[in-house]
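Here are my notes for you, in numbered points. Please have a look at the model first, then read on.

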Amino acid sequence: MKIAIAGAGMSGAYLFRRLIDEGYKDIDLFDVKKTNSCGCRPCAWGFAPVAETFELIAKVTDPARFEMQRSDVISFDGVDVRSSNMLTMNKPALIREMIGHAEVKEGAIDPTKYDRVIDATGVSRAYLPPIKDDHIAQCTQYRVRSEQALGFWFRTSTVGYEWCFPLGGDEYHIGIGSLKSDVRSYRPSTDKDDRELSVKVQCKCHSSVRLTSPFFSQPFMKDNVVGIGESIGAVAPLASDGNLYAMQCGEMLMENWEDLDRYSEQVLKRYDWMRKERRGLEKLMEGRTPSLPEALTMRGHLKSVGVEIKTGQIIRLLRNMSR
Ligand SMILES: Cc1cc2nc3c(=O)[nH]c(=O)nc-3n(C[C@H](O)[C@H](O)[C@H](O)COP(=O)(O)OP(=O)(O)OC[C@H]3O[C@@H](n4cnc5c(N)ncnc54)[C@H](O)[C@@H]3O)c2cc1C
């Protein structure tokens, strides 16, 4: 079987390595030229929950080699919350490891030359039909050094949030994403307690993230093309994490390689909670606060990644995001 994988990001590189390890030999991997210094866009360092992340990465390599930092506490709008299940990992290095010595080709794929084409192109969704109600948030992020310990925090803003992820040592990944505000001129200026920040910028880039949910990102297939990861909306619409789901999609596709209808059904079933979260996101975009069931869906998601946040606090965060 001749296979093309479009996109050597989290989902494409993972599926590539899994297929190679399963004995598939005729696979061409494609990506576009990257101009940012880490060679990975989006770099996105947060992974959770730890056990499932490790279990999936262990299918392709030793996850411990890529671990950067775990944190017991995350601050949400200045309030500390216990967190037991989240870590940062060196995603650019992990992707390089999964690709190994394989050639990453550039240029457009001719799907007629392959038995199967995998669309793992993330936000681009280059080989599947466009999505009607696509919600794409714009992001600006920095990798910085700081002499001062900055911690792990999120700060909500208009239909989006600012984040600071510790990368180990004195390094941090700080950024902002929003569906409404123009974030291109963002610069990290204050810490979680609104004190002035003094950081040394190592690199900066812009990127975007699809918050549409799988349900609204259909179809997942067209002719011999099938999508995985963010190309089919496998990203939490409110929290915007997608690294784990990129790998999960790869696994679901492996399990249902001969039955793509079953693959689609499994994706829709597993990520039905994202469809519910998206309803909350749409309310935020209209300047309204999500309903209690929508807030509880988000709370359930955060709980599944080890963040024990109270319902009242979730509602306060969402209210702030709706302003
Ligand atoms: C700023 C930011 C921060 C994030 N932080 C986190 C986080 O901390 N934790 C988390 O879990 N998730 C995070 N996410 C989401 C997460 O990064 C994505 O959900 C995940 O990377 C999706 O994996 P993917 O392989 O489907 O897509 P991507 O990782 O986006 O990979 C798509 C690949 O396709 C390539 N490509 C694009 N067009 C084409 C084309 N025409 N032909 C060939 N290749 C193409 C791209 O160059 C890229 O390499 C973040 C997203 C952003 C934007």
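1. The cover over the buried residues of helix H1 includes strand E1 (3–6), strand E2 (27–30), helix H3 (91–99), strand E9 (116–119) and helix H4 (243–255). Helices (H or I, at least four residues) and strands (E, at least two) are DSSP runs, numbered from the N terminus. Cover here rests on contacts, meaning C-beta atoms, placed from the backbone, within 7 Å.

2. A word on the basis: this is a predicted model, where local features need pLDDT of at least 70, side-chain atom pairs count only at pLDDT 80 or more, and totals for chains, interfaces and linings use all residues. Numbering runs from 1 along each chain as its sequence is written.

3. Nine of the twelve residues of H1 are buried, so the rest of the structure largely encloses this helix. Among them are Met-10, Tyr-14, Phe-16 and Arg-17. Buried means that 20 or more other C-beta atoms, placed from the backbone, lie within 10 Å of a residue's own. After H1 comes Gly-23, with a positive phi near 105°.

4. Now the ligand: 37 residues surround it, the closest being Gly-7, Gly-9, Gly-122, Gly-229 and Gly-242. A residue is counted if its C-beta atom, placed from the backbone, lies within 6 Å. H1, strand E10 (136–145), strand E13 (171–178), strand E14 (200–210) and H4 each supply at least two residues of this shell.

5. For the whole chain, you will find eight helices and 16 strands. Of its 323 residues, 42% count as buried. Among contacts between residues at least 6 apart in sequence, 69% join residues at least 24 apart.

How values were computed. Two residues are in contact if their C-beta atoms, placed from the backbone, lie within 7 Å.
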